[in-house]
Structure formats: C-alpha cells, structure tokens
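Trainee: I would like to go through this structure term by term. Please set each value against its cut-off.

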Amino acid sequence: MPDPAATGPGPEPLELPAGVHQLCSCARSHHGWLCDGAHLGSGRVSYELRLNTAATVLMCRCGRSRRYPLCDGRHAAPDRRPWWKLG
C-alpha cells in the first residue's frame, strides 16, 4: 500500500476490469490494493467488489474512510478536536 504521508491525503485511482475483485483492507498485501491473503490472523477480511463493466475506483489513502479500502471523501473533512481543546 502507498504511504499516505508521501502521496497526500486524496484518493488513489485504481483501474479495474469487469468481474469480482478482492481488495486488501489490512495493508499487508504484497499486491498493493489487491488481496493476496496476507490478512489471515489479523482479524480483518478482504473487501469484495463486483463490477459489471470496467471502472476506475477511488481507493482511500488516509485511512479515515468508513468504506475502507474505498474512498468516501473523509480526507477532505477537518480533523475533529476534543471539546476541551476548542477555543
């Protein structure tokens, strides 16, 4: 997986052909965003993505997405500070 600090907080486009794809959600895969089974024992599972046609999918690089490993735009949201530090 790319290092979010080195590449910026925005999403990374990934072009995928039509079909079923297992996407890595543990960051241990040696095949980038595609799962290679390295998550075994981590308590995480791969993310299954079914595409009817070829598509460009936006992958999360910041780790804040609720749909990880897919980007949901949370990289653009401001960081939430605890109420006692506001002011």
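Mentor: Start with Ser25. A polar atom of the Ser25 side chain lies 2.4 Å from the backbone oxygen of Val45. This is a predicted model; local features need pLDDT of at least 70, side-chain atom pairs count only at pLDDT 80 or more, and totals for chains, interfaces and linings use all residues. Residues are numbered from 1 along each chain as its sequence is written, and side-chain values use heavy atoms, with hydrogens and water left out.

Trainee: What makes the pair of Ser25 and Val45 a polar contact?

Mentor: A polar contact is a pair of N or O atoms within 3.5 Å; within protein, one must be able to donate a hydrogen and the other to accept it, and residues adjacent in sequence count only if both atoms are side-chain atoms. The distance here is 2.4 Å, so the pair is within the limit.

Trainee: Why is Ser25 called buried?

Mentor: Buried means under 20% relative accessible area, exposed over 50%, partly exposed in between (1.4 Å probe, protein chains only). Ser25 has 9%, so the word is buried. Ser25 sits in the loop between β2 (19-23) and β3 (47-51). Leaving aside residues up to four places away in sequence, Ser25 touches Arg44, Val45, Ser46, Tyr68 and Pro69. Touching is contact: heavy atoms within 4.5 Å.

Trainee: How do you know what counts as a helix or a strand?

Mentor: Both are DSSP runs, numbered from the N terminus: helices are H or I with at least four residues, strands are E with at least two.

Trainee: Which residues does Leu14 touch?

Mentor: Leu14 belongs to strand β1 (residues 12-16). Beyond four places in sequence, Leu14 touches Leu23, Trp33, Ala55, Thr56, Val57 and Met59. Its relative accessibility is 18%, so Leu14 counts as buried.

Trainee: What makes Arg50 and Glu48 a salt bridge?

Mentor: The rule asks for a side-chain nitrogen of Lys or Arg within 4 Å of a carboxyl oxygen of Asp or Glu. The closest N and O atoms of Arg50 and Glu48 are 2.9 Å apart, so the pair qualifies. Arg50 is exposed at 59%. Glu48 is partly exposed at 41%.

Trainee: How many salt bridges does the whole structure have?

Mentor: Two. Arg74 and Asp72 also form one, at 3.1 Å from N to O. Arg74 is partly exposed at 28%, and Asp72 is partly exposed at 30%.

Trainee: What is the confidence of the model?

Mentor: pLDDT is the predictor's confidence in each residue, from 0 to 100. Its mean for the protein is 84, and 85% of residues reach 70 or more. Over residues 1-6 pLDDT stays under 50. Where pLDDT is low, the predicted coordinates should not be read in detail.
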